[in-house]
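Me: I would like to go through this model with you. Could you begin with the terms and then take my questions in turn?

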Amino acid sequence: MSEYLFVHFTTDENGEQEKIYFSVSKDGLKWEDLGNDNPIIETGLGSKGIRDPFIVYDEKLKKYFIIATDLNTNTMSWGDAVTIGSRSLFVWESEDLVNWENERLVEVGIPGAGCVWAPEAVFCKEKDAWFVFWASMVKEDGDKEPKHRIYGAFTKDFKTFTETFKYLEAETNVIDTDIVWENGWYYRFSKDETNKVIVMEKSRTLIPEGGDDYERVTSALLAELHGVEGPEAYYLEEKKKWCLIVDQYATGGGYIPLLTDSLESGEFTRLSPAEYDMGSRKKRHGGIIEISDEEATRLRKVFG
């Protein structure tokens, strides 16, 4: 048996909420907030604000890693953040999910970029390394206005990164990308920042070469869900279904889960409020990972 861990920050109401919080769930749909409203991780580095945390587990190193955005909206406006924000991402590591060590800021943003937004990572089978990716607003030669694109780099230890390269550019601004792997396909979810919807795509290779590219997966529900962001997809072992959560930021409605039997189908079902519980704490952009029963029990014991 296993459970799920949701690492997240909370609201934009004040900078005190731009820290990392944990919630756990036995089924991935009904969440129990840990810490009695106290953050699990806070920082004195960089902007002293943490947003958009994402968690992965490295099988070789036997460590969990959390990466996150370096931004405090108490001290920097949104306009400044997208143009002159921090070009570094936060990193923490842990062997037990309780003790988080080696906090650091790693500069990965290219010169001229604004903030390194919502970094995530997926293991690249072809490169045998983690592909870390994020959104930044950059004005390239020929651009009339700066544009949000997705950039990325590879790492094996979350300390040393390869040279950053442009990974995804769309006709419109694109942010908040999440990537998962299933049955020989990489599935990519991104926010179309211009039209405020989630776009779903798939590819046999994580980094297509030779003119190949991701192909669009048609999804009627995603096309009609406007004003959402922060997509996070994870597999529900007990239900044998994929869950995609999206944050209704435009209305302040919080995260909602969408279920599907097959990512390839693009056919999602929106759950009714009675079928899920996101917990008492307002959750903003984060990451979800499957953990063992023993790890979940330890987190409850330590953090309450």
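Reply: Contact means that heavy atoms lie within 4.5 Å. This is a predicted model, in which local features need pLDDT of at least 70 and side-chain atom pairs count only at pLDDT 80 or more, while totals for chains, interfaces and linings use all residues. Residues are numbered from 1 along each chain as its sequence is written, and side-chain values use heavy atoms, with hydrogens and water left out.

Me: Which residues does Phe189 touch, apart from those up to four places away in sequence?
Reply: Phe189 touches Asp176, Thr177, Asp178, Val180, Ile198, Val199, Met200, Pro231, Ala233, Leu244, Leu263 and Phe268. Phe189 itself lies in strand β13. Helices (H or I, at least four residues) and strands (E, at least two) are DSSP runs, numbered from the N terminus.

Me: Is Phe189 buried or exposed?
Reply: Phe189 has a relative accessible area of 0%, so it counts as buried. Buried means under 20% relative accessible area, exposed over 50%, and partly exposed in between, with a 1.4 Å probe and protein chains only.

Me: Which residues of the largest nonpolar core touch the most other members?
Reply: They are Phe189, Leu258 and Phe268, in a core of 33 residues. Elements giving two or more residues to this core include β1, β13 (185-192), α2 (220-224) and β18 (254-260). The largest share, 5 residues, comes from β17. A nonpolar core is a set of buried Ala, Val, Leu, Ile, Met, Phe, Trp, Tyr and Cys residues joined through side-chain atoms within 4.5 Å.

Me: And what is Leu258 in contact with?
Reply: Leaving aside neighbours within four places in sequence, the contacts of Leu258 include Leu221, Leu222, Trp242, Leu244, Phe268 and Arg270. There is also a second, separate core of 23 residues, and Phe22, Tyr64, Ala296 and Phe303 are among them.

Me: Changing topic: in what order do the strands of the sheet with β6 run?
Reply: The order is β4-β5-β6-β7, an open sheet of 4 strands with antiparallel pairing. β4 (50-58) and β7 (101-107) stand at the edges with a single partner strand each, so one side of each is left without a neighbour in the sheet. Neighbouring strands here are turned by 20 degrees against each other on average, direction ignored. Such angles run from 0 to 180 degrees between N-to-C directions, and the axes are lines fitted to C-alpha atoms, for helices over the stretch in contact.

Me: How many bridges does β6 have with β7?
Reply: Strand β6 (residues 88-94) pairs with β7 over 5 bridges, in the antiparallel sense. Two strands pair if DSSP finds at least two bridges between them. Ser88 has Glu107 as its bridge partner in β7, and Phe90 has Leu105. On the other pairing, strand β5 (residues 63-70) is joined to β6 by 6 bridges, with Val91 as the partner of Ile67.

Me: What is the state of the two faces of β6?
Reply: Both are covered: Ser88, Phe90, Trp92 and Ser94 are buried on one side, and Leu89, Val91 and Glu93 on the other. In a regular strand the side chains alternate between the two faces of the sheet. In the hairpin of β6 and β7, 6 residues lie between the strands, and Leu97 takes a positive phi near 70 degrees.

Me: Which strands make up the open sheet that contains β1?
Reply: That sheet has 4 strands in the order β3-β2-β1-β20, with antiparallel pairing. Its edges are β3 (32-33) and β20 (284-292); each has a single partner strand, so one side of each is without a neighbour in the sheet. Strand β1 (residues 2-9) is joined to β20 by 8 bridges, and Val7 stands opposite Gly287. Helix α3 (residues 293-303) lies across β1, β2 (21-25), β3 and β20, at about 125 degrees to β20.

Me: Finally, how many helices and strands does the chain have?
Reply: The chain has 3 helices and 20 strands. Buried residues make up 56% of its 304 residues. Of the contacts with a separation of 6 or more, 53% come from residues 24 or more positions apart.
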